[in-house]
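Let's take a walk through a protein model together.

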Amino acid sequence: MKLFANRDELWLARIFSLIIGLVAIILAIYFSDILNLILFIYSFYVPIVSVPIFFAIIGLELPTRNITAGIIFGVVIVLFWSKIQTFFNIDKSIDAFIPGILANITGVYASIKFDRLKNRK
């Protein structure tokens, strides 16, 4: 009996382990204290996970492409939130996860509307 059925899966697991380890090391070097690291991770986690979970709880079954569009909108806003705050002179006390959640909801809604518009034709 073989230990691994497919050698490609083993190499893929090794590559992803290396990538995750390098990202963890970079984050540990970049953030000087654990609170800032937790807030940084939280600002990505909440916009990505909370909106699809909310839609699942209320019983909406959305296609993967709609959820993916929302996630992309949310991540883009979270990544560029500090630049948006500076450009539009927005209060610095607003953390990135709040606009990220709103962008995620907007992305899902826009994707649903786009699908309905495309299906009409």
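Start with the largest pocket: its lining is made up of 8 nonpolar, 4 polar and 1 charged residues. Here Ala, Val, Leu, Ile, Met, Phe, Trp, Tyr, Cys and Pro count as nonpolar, Asp, Glu, Lys and Arg as charged, and the others, Gly among them, as polar. The largest pocket has a volume of about 280 Å³. Of its 13 lining residues, Phe40, Ser43, Val78, Asp95 and Ala96 are the closest to the centre. Helix 2 (34-57) and helix 3 (64-88) each give the lining at least two residues.

Some ground rules: this is a predicted model, where local features need pLDDT of at least 70 and side-chain atom pairs count only at pLDDT 80 or more, while totals for chains, interfaces and linings use all residues. Residues are numbered from 1 along each chain as its sequence is written, and side-chain values use heavy atoms, with hydrogens and water left out.

A pocket is found on a 1 Å grid over the protein atoms alone, as an open set of points where a 1.4 Å probe fits, with protein on both sides within 12 Å along at least five of seven lines; lining residues have an atom within 4 Å of a point. Its volume is the space filled by probe spheres set on the points, which are joined across faces, edges and corners. Helices are DSSP runs (H or I, at least four residues) numbered from the N terminus.

Next stop, a salt bridge (a side-chain nitrogen of Lys or Arg within 4 Å of a carboxyl oxygen of Asp or Glu). A search of the whole structure finds 1. It pairs Asp115 with Arg65, with the closest N and O atoms 3.1 Å apart. The partners are 50 residues apart, Asp115 in helix 4 (residues 97-120) and Arg65 in helix 3. Are they buried or exposed? Asp115 is buried, at 10% relative accessible area, whereas Arg65 is exposed at 52%; buried means under 20%, exposed over 50% and partly exposed in between (1.4 Å probe, protein chains only).

Now go to the loop between helix 3 and helix 4, where you'll find Asn89. Its phi is near 55°, a positive value in a residue other than glycine. Most residues other than glycine have a negative phi. Asn89 counts as exposed because its relative accessibility is 70%.

Finally, visit Pro47 in helix 2. Pro47 is buried, with a relative accessible area of 1%. The C-alpha atoms of Pro47 and Leu12 are separated by 28 Å.
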